[in-house]
Amino acid sequence: MVKVKTPEKLFHISSSVGYRPSRIFCVGANYRKHVEEMGLPGRESPFYFMKPREALIQGDGLSTLAVDYPPQTKELDYEVELVVLIGQAGSMVPEENALDWVGGLGVGIDFTRRDLQRKLREKNQPWELSKAFEQSAPVSSFVDLHNINFEGSSLALDINLSVNGKIKQRANTRDMIFSVSEIIADLSLYFTLLPGDLLFTGTPEGVGPVFPGDILEANIPGLPSLRVSIE
(Lines give C-alpha, C1' and ligand atoms only; values in the text may rest on other atoms or scores of the structure.)
Protein backbone atom coordinates (compact mmCIF):
# COMPACT_ATOMS: atom_id res chain seq x y z
CA MET A 1 0.00 0.00 0.00
CA VAL A 2 1.43 3.41 -0.95
CA LYS A 3 0.39 6.71 0.60
CA VAL A 4 1.30 9.49 -1.81
CA LYS A 5 1.33 13.17 -0.97
CA THR A 6 0.39 15.88 -3.47
CA PRO A 7 2.86 15.37 -6.34
CA GLU A 8 5.26 18.13 -7.29
CA LYS A 9 5.01 16.99 -10.90
CA LEU A 10 2.37 14.96 -12.71
CA PHE A 11 3.61 11.66 -14.08
CA HIS A 12 3.02 11.38 -17.83
CA ILE A 13 3.90 8.01 -19.34
CA SER A 14 4.36 9.14 -22.94
CA SER A 15 5.87 12.60 -22.45
CA SER A 16 9.11 13.92 -21.04
CA VAL A 17 7.37 17.14 -20.00
CA GLY A 18 7.13 17.51 -16.23
CA TYR A 19 3.77 19.18 -15.74
CA ARG A 20 3.48 20.97 -12.41
CA PRO A 21 0.00 20.51 -10.89
CA SER A 22 -2.02 23.67 -11.17
CA ARG A 23 -5.79 24.06 -10.79
CA ILE A 24 -8.38 21.29 -10.65
CA PHE A 25 -11.55 22.18 -12.55
CA CYS A 26 -14.53 19.83 -12.26
CA VAL A 27 -17.58 19.71 -14.50
CA GLY A 28 -20.82 18.96 -12.66
CA ALA A 29 -23.64 16.73 -13.94
CA ASN A 30 -22.27 15.97 -17.40
CA TYR A 31 -23.89 12.56 -18.10
CA ARG A 32 -27.63 12.45 -18.73
CA LYS A 33 -28.33 9.32 -16.69
CA HIS A 34 -26.34 10.70 -13.76
CA VAL A 35 -28.40 13.90 -13.95
CA GLU A 36 -31.51 11.73 -13.78
CA GLU A 37 -30.32 9.60 -10.84
CA MET A 38 -29.42 12.71 -8.84
CA GLY A 39 -32.70 14.48 -9.66
CA LEU A 40 -30.89 17.47 -11.12
CA PRO A 41 -32.18 19.92 -13.74
CA GLY A 42 -30.84 19.84 -17.30
CA ARG A 43 -28.05 22.19 -18.33
CA GLU A 44 -27.77 24.57 -21.25
CA SER A 45 -24.06 25.07 -20.60
CA PRO A 46 -21.41 23.39 -18.44
CA PHE A 47 -21.04 24.42 -14.81
CA TYR A 48 -17.89 24.09 -12.76
CA PHE A 49 -16.51 23.77 -9.27
CA MET A 50 -12.87 23.56 -8.20
CA LYS A 51 -10.72 21.48 -5.90
CA PRO A 52 -7.45 22.67 -4.31
CA ARG A 53 -4.14 21.20 -5.35
CA GLU A 54 -4.02 19.44 -1.96
CA ALA A 55 -6.93 17.28 -3.13
CA LEU A 56 -4.67 15.71 -5.76
CA ILE A 57 -2.85 12.41 -5.39
CA GLN A 58 -1.53 10.34 -8.29
CA GLY A 59 -1.13 6.62 -8.83
CA ASP A 60 1.45 4.88 -10.99
CA GLY A 61 -0.77 2.15 -12.46
CA LEU A 62 0.93 -0.53 -10.37
CA SER A 63 0.54 0.34 -6.68
CA THR A 64 -2.65 0.91 -4.69
CA LEU A 65 -3.22 4.45 -3.46
CA ALA A 66 -4.35 4.68 0.16
CA VAL A 67 -7.02 7.33 0.68
CA ASP A 68 -8.08 8.31 4.18
CA TYR A 69 -11.81 8.34 4.88
CA PRO A 70 -12.44 12.07 5.45
CA PRO A 71 -13.90 13.57 8.63
CA GLN A 72 -17.35 15.10 8.99
CA THR A 73 -19.16 12.68 6.68
CA LYS A 74 -20.97 9.37 6.88
CA GLU A 75 -21.61 9.14 3.14
CA LEU A 76 -18.44 9.24 1.04
CA ASP A 77 -19.34 8.67 -2.62
CA TYR A 78 -17.13 7.70 -5.58
CA GLU A 79 -17.47 9.33 -9.02
CA VAL A 80 -15.27 7.94 -11.80
CA GLU A 81 -14.24 10.48 -14.45
CA LEU A 82 -12.13 11.00 -17.54
CA VAL A 83 -9.45 13.52 -16.54
CA VAL A 84 -7.88 15.90 -19.04
CA LEU A 85 -4.42 17.36 -18.49
CA ILE A 86 -4.05 20.75 -20.15
CA GLY A 87 -0.79 20.93 -22.08
CA GLN A 88 -0.50 24.56 -23.14
CA ALA A 89 -1.69 27.99 -22.11
CA GLY A 90 -4.66 29.49 -23.88
CA SER A 91 -7.83 31.52 -23.62
CA MET A 92 -10.78 31.86 -26.00
CA VAL A 93 -9.91 28.41 -27.38
CA PRO A 94 -11.88 27.56 -30.53
CA GLU A 95 -13.95 24.41 -30.07
CA GLU A 96 -12.84 22.91 -33.39
CA ASN A 97 -9.18 22.99 -32.25
CA ALA A 98 -9.72 22.42 -28.53
CA LEU A 99 -8.11 18.96 -28.44
CA ASP A 100 -4.81 20.64 -29.36
CA TRP A 101 -4.78 21.91 -25.76
CA VAL A 102 -4.93 18.38 -24.33
CA GLY A 103 -1.54 17.40 -22.97
CA GLY A 104 -2.70 14.02 -21.68
CA LEU A 105 -5.61 11.86 -20.59
CA GLY A 106 -6.10 9.83 -17.44
CA VAL A 107 -8.80 8.47 -15.20
CA GLY A 108 -9.71 9.87 -11.80
CA ILE A 109 -12.19 9.65 -8.94
CA ASP A 110 -14.04 12.67 -7.60
CA PHE A 111 -14.73 11.74 -3.98
CA THR A 112 -17.73 13.57 -2.51
CA ARG A 113 -19.07 14.03 1.00
CA ARG A 114 -22.59 13.40 -0.29
CA ASP A 115 -24.42 14.05 2.96
CA LEU A 116 -22.75 17.45 3.25
CA GLN A 117 -23.39 18.24 -0.40
CA ARG A 118 -27.08 17.49 0.06
CA LYS A 119 -27.29 19.92 2.98
CA LEU A 120 -25.37 22.60 1.08
CA ARG A 121 -27.68 22.27 -1.92
CA GLU A 122 -30.72 22.68 0.30
CA LYS A 123 -29.30 25.98 1.58
CA ASN A 124 -28.10 27.12 -1.89
CA GLN A 125 -24.55 27.27 -0.52
CA PRO A 126 -21.26 26.52 -2.32
CA TRP A 127 -20.02 22.91 -2.50
CA GLU A 128 -16.46 23.30 -1.18
CA LEU A 129 -17.02 21.42 2.09
CA SER A 130 -18.37 18.44 0.17
CA LYS A 131 -15.84 18.43 -2.68
CA ALA A 132 -12.62 20.29 -1.89
CA PHE A 133 -11.00 18.17 0.82
CA GLU A 134 -7.60 16.49 0.94
CA GLN A 135 -7.13 13.34 -1.19
CA SER A 136 -10.52 13.86 -2.87
CA ALA A 137 -9.05 13.84 -6.40
CA PRO A 138 -6.91 10.75 -7.02
CA VAL A 139 -5.79 10.40 -10.64
CA SER A 140 -3.90 7.87 -12.73
CA SER A 141 -0.81 8.57 -14.77
CA PHE A 142 -1.40 10.36 -18.06
CA VAL A 143 -0.82 9.44 -21.70
CA ASP A 144 -1.07 11.51 -24.85
CA LEU A 145 -3.83 11.33 -27.46
CA HIS A 146 -2.08 8.85 -29.78
CA ASN A 147 -4.08 5.68 -30.41
CA ILE A 148 -7.11 7.08 -28.56
CA ASN A 149 -10.55 6.21 -29.96
CA PHE A 150 -12.30 9.13 -31.67
CA GLU A 151 -15.73 9.50 -33.23
CA GLY A 152 -15.41 12.45 -35.55
CA SER A 153 -13.81 15.10 -33.34
CA SER A 154 -15.12 13.60 -30.07
CA LEU A 155 -13.56 11.09 -27.72
CA ALA A 156 -15.42 7.78 -27.41
CA LEU A 157 -13.92 5.95 -24.45
CA ASP A 158 -15.41 3.21 -22.30
CA ILE A 159 -15.18 4.08 -18.62
CA ASN A 160 -15.91 1.97 -15.56
CA LEU A 161 -15.39 1.74 -11.82
CA SER A 162 -15.55 -1.32 -9.58
CA VAL A 163 -15.78 -1.61 -5.80
CA ASN A 164 -14.36 -4.81 -4.33
CA GLY A 165 -14.42 -6.36 -7.80
CA LYS A 166 -18.04 -5.50 -8.61
CA ILE A 167 -18.72 -3.04 -11.43
CA LYS A 168 -20.66 -0.02 -10.13
CA GLN A 169 -20.28 2.48 -12.98
CA ARG A 170 -20.04 1.77 -16.70
CA ALA A 171 -20.53 4.15 -19.62
CA ASN A 172 -18.85 5.71 -22.63
CA THR A 173 -17.61 9.27 -22.86
CA ARG A 174 -19.81 9.75 -25.93
CA ASP A 175 -22.64 9.88 -23.37
CA MET A 176 -21.35 13.20 -22.06
CA ILE A 177 -23.75 16.12 -22.37
CA PHE A 178 -20.80 18.40 -23.18
CA SER A 179 -17.77 16.95 -24.96
CA VAL A 180 -14.16 17.52 -23.97
CA SER A 181 -13.80 20.03 -26.81
CA GLU A 182 -16.91 21.92 -25.74
CA ILE A 183 -15.75 22.02 -22.11
CA ILE A 184 -12.27 23.31 -22.97
CA ALA A 185 -13.68 26.00 -25.27
CA ASP A 186 -16.26 27.10 -22.70
CA LEU A 187 -13.92 27.08 -19.70
CA SER A 188 -11.33 29.11 -21.61
CA LEU A 189 -13.85 31.94 -21.93
CA TYR A 190 -13.56 32.47 -18.17
CA PHE A 191 -9.99 31.38 -17.37
CA THR A 192 -6.66 31.39 -19.13
CA LEU A 193 -5.89 27.67 -19.19
CA LEU A 194 -2.40 26.77 -18.00
CA PRO A 195 -0.16 23.72 -18.47
CA GLY A 196 -0.78 21.42 -15.53
CA ASP A 197 -4.43 22.36 -15.11
CA LEU A 198 -6.63 19.29 -14.68
CA LEU A 199 -10.18 18.96 -15.91
CA PHE A 200 -12.47 16.34 -14.37
CA THR A 201 -15.14 15.92 -17.04
CA GLY A 202 -18.11 14.53 -15.09
CA THR A 203 -19.28 11.12 -13.92
CA PRO A 204 -21.76 8.58 -15.32
CA GLU A 205 -24.65 7.05 -13.40
CA GLY A 206 -24.08 4.52 -10.62
CA VAL A 207 -22.42 6.68 -7.96
CA GLY A 208 -22.56 5.31 -4.44
CA PRO A 209 -20.88 5.12 -1.04
CA VAL A 210 -17.62 3.49 0.00
CA PHE A 211 -16.29 2.52 3.41
CA PRO A 212 -12.93 1.80 5.05
CA GLY A 213 -11.51 -1.42 3.65
CA ASP A 214 -13.08 -1.02 0.21
CA ILE A 215 -10.90 -1.33 -2.90
CA LEU A 216 -11.85 0.75 -5.95
CA GLU A 217 -10.55 0.30 -9.49
CA ALA A 218 -11.16 2.94 -12.15
CA ASN A 219 -10.49 2.01 -15.76
CA ILE A 220 -10.56 3.48 -19.26
CA PRO A 221 -9.13 1.01 -21.81
CA GLY A 222 -5.93 2.38 -23.34
CA LEU A 223 -5.24 4.61 -20.33
CA PRO A 224 -3.41 3.79 -17.09
CA SER A 225 -5.70 2.34 -14.45
CA LEU A 226 -6.27 3.71 -10.96
CA ARG A 227 -6.56 1.51 -7.86
CA VAL A 228 -7.55 3.04 -4.52
CA SER A 229 -7.96 1.65 -1.00
CA ILE A 230 -10.18 3.44 1.51
CA GLU A 231 -8.43 3.59 4.89
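**Sheet, cores and salt bridges**

Student: Which strands make up the open sheet, and in what order?

Tutor: This is a predicted model, and in it five strands line up as β4-β17-β16-β12-β13 to form an open sheet with mixed pairing.

Student: Which ones are the edge strands?

Tutor: β4 (65-67) and β13 (166-172), each of which pairs on one side only. From one strand to the next, the twist averages 20 degrees.

Student: How do β16 and β17 run, and how many bridges join them?

Tutor: They run antiparallel, with four bridges joining β16 (residues 215-219) to β17 (residues 226-230).

Student: What stands opposite Glu 217 in β17?

Tutor: Arg 227 does. The side chains of those two also meet in a salt bridge, 2.7 Å from N to O.

Student: Is Glu 217 buried, exposed or partly exposed, and what about Arg 227?

Tutor: Glu 217 has 30% relative accessibility, so it counts as partly exposed. Arg 227 is partly exposed too, at 32%.

Student: OK, how many salt bridges does the count come to?

Tutor: Eight. Some share partners: Lys 51, Asp 77, Glu 79, Asp 110, Arg 114 and Lys 131 are joined into one network.

Student: Which residues does Lys 131 form salt bridges with?

Tutor: Glu 79 is one of them, with the closest N and O atoms 3.5 Å apart. That pair links distant parts of the chain, 52 residues apart: Lys 131 is in helix α3 (residues 128-131), while Glu 79 is in the loop between β5 (76-78) and β6 (80-86). Asp 110 is another partner, at 2.7 Å between the closest N and O atoms. Asp 110 sits in the loop between β7 (102-109) and β8 (112-113), so its pairing with Lys 131 in helix α3 ties together parts 21 residues apart in sequence.

Student: Why does Lys 131 count as buried?

Tutor: Because its relative accessibility is 3%, and buried means under 20%. Glu 79 counts as buried as well, at 5%, and so does Asp 110, at 0%.

Student: Switching topic: how many residues are in the largest nonpolar core?

Tutor: It has 47 residues. Those with the most contacts inside it include Leu 82, Leu 105, Phe 111 and Val 228.

Student: What is Leu 105 in contact with, leaving aside its neighbours within four places in sequence?

Tutor: Among its contacts are Leu 82, Val 84, Phe 142, Leu 157 and Leu 223. Phe 142 itself belongs to a second, separate core of 15 residues, which also includes Leu 10, Phe 49 and Leu 56.

Note on methods: Residues numbered from 1 in each chain as written. Predicted model: local features only at pLDDT ≥ 70, side-chain atom pairs only at ≥ 80, totals over all residues. Heavy atoms only, no water. Pairing = 2+ DSSP bridges. Helix = DSSP H or I, 4+ residues; strand = E, 2+ residues; numbered from the N terminus. Axes fitted to C-alpha atoms, helices over the stretch in contact; angles between N-to-C directions. Core = buried A, V, L, I, M, F, W, Y, C linked by side-chain atoms within 4.5 Å. Buried < 20%, exposed > 50% of the residue type's maximum accessible area, 1.4 Å probe, protein only. Contact = heavy atoms within 4.5 Å. Salt bridge = Lys/Arg side-chain N within 4 Å of Asp/Glu carboxyl O.
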